[in-house]
Amino acid sequence: MNTLISADNTWALMAITCGWAAFSIYAEQTWKWASKVSGAIVALVGALVLTNLGIIPTNCVWFDDICWGFAVPMAIPMLLLSCDIRKIGREAGKILILFLIGAVGTTVGAILGFKLLGGVVEHLNGVAAMMTGSYIGGTVNFAALSSAFEVPGETVSAAVVADNLLMTLYFFVLIMIPSIKFFANKFKHPHIDEVNARGVDEEAKTQAAAYWGKKPISLMDIAINVAISVIIVWVSTEIAGVLSEVIPTTNTVTSMLNGLFGNKYLILTTLTMIIATIFSKPLEGLSGSQEIGTYLIYLFFFAIGAPASIKAIFLNAPLLLVFCAIMVIVNMLFCFIFGKLLKFDLEDCILASNACIGGPTTAAAMAISKGWVKLVGPIMLVGTLGYVVGTYFGTFVGQFLGA
């Protein structure tokens, strides 16, 4: 794809990303309309517009390797340093139940989509398997299932574009749901109420500005935050690499254990929360963790909006977009309907569905952007488990549909 800024012009792409992230944060803290839609949406829309105008590429080293490979892993430990394991057990249990219900919804949506479109879209049974894995787990599951069911390369490429676009559009929907009266009236929403109860002081222009007001931070705080984050990511990566090598994949049980304990994000999340629990008192005096981590997440927001090429999907495979939409809608219905029946909170429904469709990182990012800090740890843990079970759900769908 020829773009005004080439994929190898990393400094230009960094400048655009960091500049728009700064604008997104400024907008959220300055203007009421931006505060209502959130800085996350401003960041995403900016990337979406720039991509589809042909100004920036959909894929490049800056987005794929640096933002995804470094910024996100570094952000997670910083944002979890306040997550004492002793305080999050109840929330993790509730979200886990909804996540598994959402996984069933994804599976049902894949089968329904195949029944409706299987006669007009080639290789849709294999695509159904891939997308089931992706919409419960993530890219790893998508890749594994595309190989397992031998889906042609051009179909895989079209499915990737449809996946990226749908995920971005659905992120918009989920992040707007708390402001829709229907959902606010039908569900309990204690975390939203807690954020609203903080109010807006006279000097702050928006609620976001009040929440992210100036705080004292020292050079030592910055140094310790970065050091802790980088060390945790390094140790977690090494542990996950060793475990993925030593745990065999000879049967279903060991394969599941390999996928679970060989996952860097699960190790990273668990290790950070253990540290946050053991050293909770010393860490209380550490400033800047939330601010630095959240800034890195804003870079991530921009990066996930970039691959959503509207032109590519409509040129290559528009019906794949419809198929993915069916899966996403059914997942959403399962999460929200069963969430209502089980009397779960609105925030649990939103994050469980997000964790299915977008994975733990996008779900955690949403929780952070909304100020639901108590749910960041639980959704990271629950969402990461999707990487383990996603391939099994996807394999079932593929075999059931005769792929």
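One caution first: the model is predicted.

Start with H1, residues 10-30. Its 21 residues span 30 Å from first C-alpha to last, close to the 30 Å expected at 1.5 Å a residue. Which residues of H1 are buried? Ala12, Leu13, Thr17, Ala21, Ser24, Ala27, Glu28 and Thr30. Note Glu28 in that list.

Next, H14, residues 264-278. Here 15 residues reach 21 Å, close to the 21 Å expected at 1.5 Å a residue. The buried residues in H14 include Tyr265, Leu266, Ile267, Leu268 and Met273. Threonines are buried there as well: Thr269, Thr272 and Thr277.

The largest nonpolar core holds 118 residues. Met131, Phe301, Leu320 and Phe336 have the most contacts inside it. Which helix supplies the largest share of this core? Helix H8, residues 153-176, with 12 residues.

Take Phe336 up close. Leaving out residues up to four places away in sequence, Phe336 touches Leu174, Ile177, Phe183, Phe187, Leu346, Cys349 and Ile350.

Now the surface. In soluble globular proteins, nonpolar side chains tend to be buried together. Here, though, a nonpolar patch sits on the surface. Its members are Ile97, Ile329, Leu333, Ile337, Phe338, Leu341 and Leu342. Together they have about 650 Å² of accessible area. Helix H18, residues 318-341, gives the most, with five residues.

Last, Leu342. This residue lies in the loop between H18 and helix H19, 346-358. Buried, exposed or partly exposed? Leu342 counts as partly exposed, because its relative accessibility is 41%.

Definitions and conventions:
Residues are numbered from 1 along each chain as its sequence is written. This is a predicted model: local features need pLDDT of at least 70, side-chain atom pairs count only at pLDDT 80 or more; totals for chains, interfaces and linings use all residues. Side-chain values use heavy atoms; hydrogens and water are left out. Helices (H or I, at least four residues) and strands (E, at least two) are DSSP runs, numbered from the N terminus. The expected span of a helix is 1.5 Å times one less than its number of residues. Buried means under 20% relative accessible area, exposed over 50%, partly exposed in between (1.4 Å probe, protein chains only). Patches are made of residues with over 30% relative accessible area and no salt bridge: like charges are joined within 9 Å, nonpolar side chains (Val, Leu, Ile, Met, Phe, Trp, Tyr) within 5 Å. Accessible areas come from the Shrake-Rupley method with a 1.4 Å probe; for residues, only the protein chains shown count as cover. A salt bridge is a side-chain nitrogen of Lys or Arg within 4 Å of a carboxyl oxygen of Asp or Glu. A nonpolar core is a set of buried Ala, Val, Leu, Ile, Met, Phe, Trp, Tyr and Cys residues joined through side-chain atoms within 4.5 Å. Contact means heavy atoms within 4.5 Å.
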